[in-house]
Amino acid sequence: GLNAVITEPADLLRAFVARLLHRDDEARAYADEALNYLRTHPWTYRQHIMVALATVRATAFDGAKAEALRLAAELRTELRGQDSFDEPHVFHELGRIYALLGEREAAFDCLRRVMSGPSSIEGGPRQLRIDPCWSALADDPRFDQILTAAKAL
């Protein structure tokens, strides 16, 4: 699951793959199942941020762009300085969603945040270059500039 904090429903990953393959009906069906699970499962306070992030992802995979962007904005507001451990991971995932939804400026903002501090991304910049979401930004010179500016820990 997300940062080992929640048990992610398998339907969330299925929705993501279906969205990447442009199988919109399948993506919506899987995303709806994932959203149902996320809304009805009993979560602890510690899990709240990751559940909110998974909800943003499922909503985006469902094809509800405006709602996904609204939920992402709420999450960013709520996150401000509250959880420095999970924050890099959250911004990494939000950036992927923004890139997938075609929100390039928001995606670049998240990418800058992720690459300017400690990151939980395995594989670092190399991994982002082949990620199916982040690679949508590869045609913009800022993508390479941000990745090459990242400093090793």
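**Exercise 1. Describe the accessible surface of the chain.**

The accessible surface comes to about 8200 Å². Carbon and sulfur atoms hold 52% of that surface. Accessible areas come from the Shrake-Rupley method with a 1.4 Å probe, and for residues only the protein chains shown count as cover.

The model is predicted: local features need pLDDT of at least 70, side-chain atom pairs count only at pLDDT 80 or more, and totals for chains, interfaces and linings use all residues. Residues are numbered from 1 along each chain as its sequence is written, and side-chain values use heavy atoms, without hydrogens and water.

**Exercise 2. Find how many helices and strands the chain has.**

Count DSSP runs from the N terminus: helices are H or I with at least four residues, strands are E with at least two. The chain has eight helices and zero strands.

**Exercise 3. Work out which residues have the most contacts inside the largest nonpolar core.**

Start with burial. Of the 153 residues, 44% are buried (under 20% relative accessible area; exposed is over 50%, partly exposed in between; 1.4 Å probe, protein chains only).

Next, define the core: buried Ala, Val, Leu, Ile, Met, Phe, Trp, Tyr and Cys residues joined through side-chain atoms within 4.5 Å. The largest has 44 residues. Leu-75, Val-90, Leu-94, Leu-111 and Trp-134 have the most contacts inside it. Helix H3 (48–61) is one of the suppliers. H3 gives the most, with 10 residues.

Now take Leu-75. Contact means heavy atoms within 4.5 Å. Beyond neighbours within four places in sequence, Leu-75 is in contact with Ile-49, Ala-52, Leu-53, Val-56, Val-90 and Leu-94.
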